[in-house]
Amino acid sequence: MQKLLLVVCTLFFSMQLAAQKTTCTDESGDSVQGLNSITKCTVQESNEEGVKTEKISIKVVSRKRILRKRNEASGILTNENQTNHKLASIKKKISEINQGLNVNEIKRKEAVLFNFVEEIPLFESCESSPLAQQEKCFRSELSKHIKRNFRYPEKSYNKGIQGRVFIFFNIDSDGHVVNLKTVDPYLGEELGEEAKRIIKKLPEFKPGKQGGNPIAVKYGLPITFKIPGVKPTNIKKPNVKKDLGVLYTFNRLNAIPRFKACSETNDVKCFNKGLIKHIQENFIYPESAIDDNIEGMVDINFVIDATGKVVNIEAKGAKNAEILEKAAINLVKKLPTFTPAVKDGKKVNAKYNFPLNFSLD
């Protein structure tokens, strides 16, 4: 059934690609989304103020449901009365999942998602644990390690900065922790550095295996920074709407706003590419939205002002999808300062909008 589901999804996606005039995909294995979500985008023609232009449409898909099925299959939720037949069934289910994976992709990326690897990496203390308890032991030892090494950054503590850091890393085929990346809360860069420090202190693991061979394994988790007795403050860029006067759409400009990587070109394709990269590096599907099965389209509007800063961010989604609107706004707030737009030799305010489709796959 798992294999059939993957084949059907692949076929559906292939059909969609064929239907689009221009399609962009950037599902790099190095993206933080590689662990629990992917980003797909299409560039479509739109009509702004009577002038045709290219607009980007982005879809973010959570894989959390698939991971939960794997968690159940791994034995974490089973009891002490498991039989050899049950353990054999577990291994069979994992093999069925892996049969649906693209083996060539696994070899190219040299890494497998933790929830899909046949034999997970192990702490030394977990090597003697029964198969059905190994994943539970892994998570328990990781939690103990974090508690032992946790240290609240002083500057952030004094400023009352709190929040959740999502940290992602690989355990390579030699059992070493490599390729650490974080998605930090707003103003929480110091918290992200602390999370990296903690994970870098992890011991050498017994490496994970795929097909009997050692292989790199991807893993990710949230680390929450909370000051006891202090109510979390909403430390975010104020979403106050500024009166900016005249706003220009991209097709009315002599030079559009530019990401740093696009400094040598006035190409909307480079802008779109930068926006896609930003979303891949910073997007996390809200956990509570996954738990409550909330999905839908959110329309995002914002302005890049004459100084290059992102302001006047607005998001409108379906009814009862406020959490998705907040996630979209927080994502746009993290955009960098741009090289501002130019009109008739003057730096001006530019407006932009795009749809972000939250989907649970």
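**Reading the model**

Guide: T249 sits in the loop between β9 (247-248) and α9. This model is predicted: local features need pLDDT of at least 70, side-chain atom pairs count only at pLDDT 80 or more, and totals for chains, interfaces and linings use all residues. Residues are numbered from 1 along each chain as its sequence is written, and side-chain values use heavy atoms, leaving out hydrogens and water.

Visitor: Is T249 buried or exposed?

Guide: Buried means under 20% relative accessible area, exposed over 50%, and partly exposed in between (1.4 Å probe, protein chains only). T249 has 4% relative accessibility, so the residue counts as buried.

Visitor: How far apart in space are T249 and A350, C-alpha to C-alpha?

Guide: In sequence, T249 and A350 are 101 residues apart. In space, their C-alpha to C-alpha distance is 5.8 Å.

Visitor: How many helices and strands does the protein have?

Guide: Both are DSSP runs, numbered from the N terminus: helices are H or I with at least four residues, strands are E with at least two. The protein has 11 helices and 13 strands.

Visitor: What share of the contacts with a separation of 6 or more comes from residues 24 or more positions apart?

Guide: Contact means heavy atoms within 4.5 Å. Among contacts in the protein with a separation of 6 or more, residues 24 or more positions apart account for 71%.

Visitor: How many disulfides does a search of the whole structure find?

Guide: A disulfide is a pair of cysteine sulfur atoms within 2.5 Å. One joins C126 to C137, S to S 2.0 Å. C262 and C270 also form a disulfide, with sulfur atoms 2.0 Å apart. The search of the whole structure finds 2.

Visitor: Which parts does the pair C126 and C137 tie together?

Guide: Both C126 and C137 are buried. Their link is left-handed, with -85 degrees about the S-S bond. C137 lies in α6 (131-149) and C126 in the loop between β4 (111-113) and α6, so the pair ties together parts 11 residues apart in sequence: that loop and helix α6.

Visitor: Why is the disulfide of C262 and C270 left-handed?

Guide: C262 and C270 are both buried. The disulfide is left-handed because the torsion about its S-S bond is about -95 degrees.

Visitor: How do α6 and α8 lie to each other?

Guide: Two packed helices are described by the angle between their axes and the distance between the axes. The axes of α6 and α8 (residues 189-200) come within 9 Å and cross at roughly 120 degrees. Angles under 35 degrees count as roughly parallel, over 145 as roughly antiparallel, 65 to 115 as roughly perpendicular and the rest as oblique. α6 and α8 are therefore oblique.

Visitor: Which residues in α8 do L142, H145, I146 and N149 meet?

Guide: L142, H145, I146 and N149 belong to α6. In α8 they meet E194, R197, I198 and I199.

Visitor: Which residues does I284 touch?

Guide: I284 is in the loop between α9 (268-282) and α10 (287-291). Its relative accessible area is 13%, so I284 is buried. Not counting residues up to four places away in sequence, I284 touches F166, F168 and V183.

Visitor: And which residues does D172 touch?

Guide: D172 is in the loop between β5 (163-171) and β6 (177-183). D172 is buried, with a relative accessible area of 17%. Leaving out residues up to four places away in sequence, D172 touches V178, P207, I215 and A216.

Technical notes
Axes are lines fitted to C-alpha atoms, for helices over the stretch in contact, and angles run from 0 to 180 degrees between N-to-C directions.
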